Amino acid sequence: DAYGLHMSTDPEVLRRWCQLLVRHNCQDHVHVIRRFLEAHADSAGSDDVWGALAERGKAEVRWRLVTQDLWRTLSVTVGDAPRAR
């Protein structure tokens with residue numbers, strides 16, 4: 001990531017970056033998506049990222065497994081499950 005978007009502290013930049021990572025099938029950067037969702041689980045922006053994960057998971061089994069793992073992990077970490085759409 002030549003532009004440092006992975007390390008951004010701006011939630012809007014990270015939200016959009018996470019959506020792009022999912023859209024462009026960047027599975028090696030799931031840690032960035034996880035970090036965003038952990039930090040912003042209660043924000044409306046996390047709904048957009050969950051939506052992108054759900055859409056990608058419909059088409060690809062690997063993303064479905066990643067999404068399920070994130071959901072389980074974050075449900076325990078955050079305390080409450082992220083909001084369902």
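This is a working chat about a predicted model of one protein chain.

Colleague: Where is confidence highest, and where is it lowest?
Modeller: Confidence is highest in H1, at a mean of 95, and lowest in helix H4, residues 61–78, at 88. The average pLDDT over the chain is 87, and 86% of the residues score at least 70. Where pLDDT is low, the predicted coordinates should not be read in detail.

Colleague: Which residues of H2 are buried?
Modeller: In H2 the buried residues are Val 30, Val 32, Ile 33, Phe 36 and Leu 37. They cover an arc of only 155 degrees around the axis, and therefore they lie on the same side of H2.

Colleague: And how does H2 pass H3?
Modeller: The crossing of H2 and H3 is left-handed, and the two axes come within 9 Å of each other, at an angle of roughly 145 degrees. On the H2 side the contact is made by Ile 33, Phe 36 and Leu 37, while H3 contributes Gly 45, Ser 46, Val 49, Trp 50 and Leu 53.

Colleague: How many of those contact residues are nonpolar, polar or charged?
Modeller: Six residues of the contact of H2 with H3 are nonpolar and two are polar, with no charged residue among them.

Colleague: Let me pick out Val 49: buried or exposed?
Modeller: Val 49, which lies in helix H3, counts as buried because its relative accessibility is 0%, and the cut-off for buried is under 20%.

Colleague: Which residues is Val 49 in contact with, leaving aside its neighbours within four places in sequence?
Modeller: Val 49 is then in contact with Arg 15, Cys 18, Gln 19, Ile 33, Phe 36 and Leu 37. Leu 14 is 35 residues from Val 49 in sequence, and the C-alpha to C-alpha distance between the two is 9.8 Å.

Colleague: Changing topic, what about the phi of Asn 25?
Modeller: Asn 25 has a positive phi of about 60 degrees, although it is not a glycine. Asn 25 is found in the loop between helix H1 (11–23) and helix H2 (30–39), and with a relative accessible area of 33% it is partly exposed.

Colleague: Last one, how much of the chain counts as buried?
Modeller: Of the 85 residues of the chain, 36% count as buried. As for contacts with a separation of 6 or more, 50% of them in the chain come from residues 24 or more positions apart.

How values were computed: Residues are numbered from 1 along each chain as its sequence is written. This is a predicted model: local features need pLDDT of at least 70, side-chain atom pairs count only at pLDDT 80 or more; totals for chains, interfaces and linings use all residues. Side-chain values use heavy atoms; hydrogens and water are left out. Helices (H or I, at least four residues) and strands (E, at least two) are DSSP runs, numbered from the N terminus. Buried means under 20% relative accessible area, exposed over 50%, partly exposed in between (1.4 Å probe, protein chains only). Axes are lines fitted to C-alpha atoms, for helices over the stretch in contact, and angles run from 0 to 180 degrees between N-to-C directions. A crossing is left-handed if the near helix is turned anticlockwise from the far one by less than a right angle, and right-handed if clockwise. Contact means heavy atoms within 4.5 Å. Ala, Val, Leu, Ile, Met, Phe, Trp, Tyr, Cys and Pro count as nonpolar, Asp, Glu, Lys and Arg as charged, and the others, Gly among them, as polar. pLDDT is the predictor's confidence in each residue, from 0 to 100. The arc is that of the directions from the helix axis to the C-beta atoms.
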